[in-house]
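Here's a quick briefing on a structure, covering a bit of surface charge and some aromatic packing. Have a look at the model first.

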Amino acid sequence: MTDPVAAFDRSAHPLLFVTLSLDIGGTERHIAAIAPALARIGWPVTVFCFNSLGTHAAAVAAAGVEVVGPPLAARLSHTSKAVRLAYLPFAAARLAKVIVRRRPRVAHFFLAEAYIAGAPLARLLGVSKLVMSRRSLNLYQANFPGAGAIERRLHRRMTAILANSRAILAELEQQEGCSRVRLGLIYNGVAGAVTETGRPRAETRRALGLADDTFVAITVANLNPYKGHADLIAALGLIKGRMPQPWTLLVIGADLGIRAALEAQARMLGIGPNVRFLGARSDVTELLTAADLGLLCSHEEGFSNAVIEKMAAGLAVIVTNVGGNPEAVLDGITGLVVPPRDPQRLAVAIERLAQNEAMRAHFGAAGRQRVAERFTLDACVSRYDALYRGLIGGRAPAEIAEIALSAG
């Protein structure tokens with residue numbers, strides 16, 4: 001009997017991803033991982049970036065993916081909204097040329113600005129299968145008047161609407177009126193246990209100037225207020241005398257305007273020397289090998305790659321109970337889940353794990369196993385592959401077992 005997957009000719013069905021950039025960020029890193037993986041199994045993939053190409057673009061292109069940026073080599077990621085809106089017609093014209101040239105069977109939109117600007121154009125130019133991925137809670141709509149209404153109108157014209165957590169699915173269905181028939185779930189995935197390819201722990205610690213007996217906590221998130229860094233520093237200030245000595249917090253992430261305030265907060269609480277801001281790093285997987293505890297203290301979240309990367313590294317993790325965090329971290333099994341915006345409860349959890357090496361080891365092993373079973377990059381790419389084959393074959397998301405709401 002013929003295998004329908006083997007018989008499907010992916011090379012005849014170009015895919016188009018539309019986003020803002022391939023710069024630093026969770027969505028950007030996700031696309032930078034899945035696009036080359038899809039290309040490796042035969043899909044012709046083009047990634048179009050409205051604002052700029054970004055730091056991951058060269059590696060993605062080298063992996064066999066066409067990457068197209070806006071005209072005039074514009075770099076608009078960090079300019080004002082007004083400037084980006086003024087430039088939008090020029091970027092849209094470039095996207096139209098890509099659609100006419102590539103004739104994608106599926107156009108897949110990531111991030112709200114790219115969705116709002118790109119989806120109507122793709123529909124107008126006759127792309128038959130339109131997919132939107134929502135990768136965060138919809139709190140951002142409050143900062144963009146009219147965005148929610150526009151997105152709800154667009155939702156009705158999408159072939160598929162994807163979420164990367166059940167929390168986001170619930171919002172899409174209950175708040176934004178999306179039909180369950182067109183909703184699908186695809187969790188993020190990481191490429192296995194990072195310690196298998198990273199530098200040995202002792203070598204990484206030496207490179208950072210950390211002693212072997214230093215207790216090291218790590219958080220990986222751009223320095224944005226909603227990521228909860230201030231809560232974390234406040235919590236550590238509460239327990240600074242009860243932490244294993246010596247101890248260090250490594251803060252990894254690009255500064256989006258609050259680093260100076262966080263440094264001042266740490267100094268005021270008497271833990272300035274313990275908190276090290278390392279900025280945006282390309283060696284996060286190696287840095288994780290140096291740590292004893294992983295943290296993410298967000299006020300809002302979709303489904304964080306940073307969390308499952310820490311779990312894949314064998315770290316016990318503490319996360320806040322927002323978005324998809326409790327879907328990744330099982331409280332009391334692979335880590336601890338605490339309320340957001342609550343430094344006192346966060347401090348209790350940190351102290352509990354900092355003082356209990358056996359518990360950290362147990363949670364770390366369980367977390368690594370959970371990633372291997374549920375959140376691998378191979379599983380993630382397999383679900384995207386099933387999605388695109390199913391849509392091209394005329395099935396609705398609810399009819400594609402791999403991404404239906406019962407999946408995951």
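At 54% relative accessibility, Arg 156 counts as exposed, the cut-off being over 50%, with under 20% called buried and anything in between partly exposed (1.4 Å probe, protein chains only). Keep in mind that this is a predicted model, where local features need pLDDT of at least 70, side-chain atom pairs need 80 or more, and totals for chains, interfaces and linings use all residues. Numbering runs from 1 along each chain as its sequence is written, and side-chain values use heavy atoms, leaving out hydrogens and water.

**Around Arg 156**
- Arg 156 sits in the loop between helix H6 (147-155) and strand S6 (160-163); helices (H or I, at least four residues) and strands (E, at least two) are DSSP runs, numbered from the N terminus.
- Together with Arg 123, Arg 153 and Arg 157, Arg 156 forms a positive surface patch (residues with over 30% relative accessible area and no salt bridge, like charges joined within 9 Å).

**Aromatic pairs**
- There are 10 aromatic pairs, counted when ring centres lie within 6.5 Å (planes under 30 degrees apart are stacked, over 60 edge-to-face, the rest tilted).
- Phe 17 and Phe 110 make an edge-to-face pair, because their centres are 5.4 Å apart and their planes at 65°.

Technical notes:
Patches are made of residues with over 30% relative accessible area and no salt bridge: like charges are joined within 9 Å, nonpolar side chains (Val, Leu, Ile, Met, Phe, Trp, Tyr) within 5 Å. Accessible areas come from the Shrake-Rupley method with a 1.4 Å probe; for residues, only the protein chains shown count as cover. A salt bridge is a side-chain nitrogen of Lys or Arg within 4 Å of a carboxyl oxygen of Asp or Glu. Lys and Arg count as positive and Asp and Glu as negative; His and the chain ends are not counted. The place of a charge is taken as NZ of Lys, CZ of Arg, CG of Asp or CD of Glu. Rings of Phe, Tyr and Trp (its six-membered ring) pair if their centres lie within 6.5 Å; planes under 30 degrees apart count as stacked, over 60 as edge-to-face and the rest as tilted.
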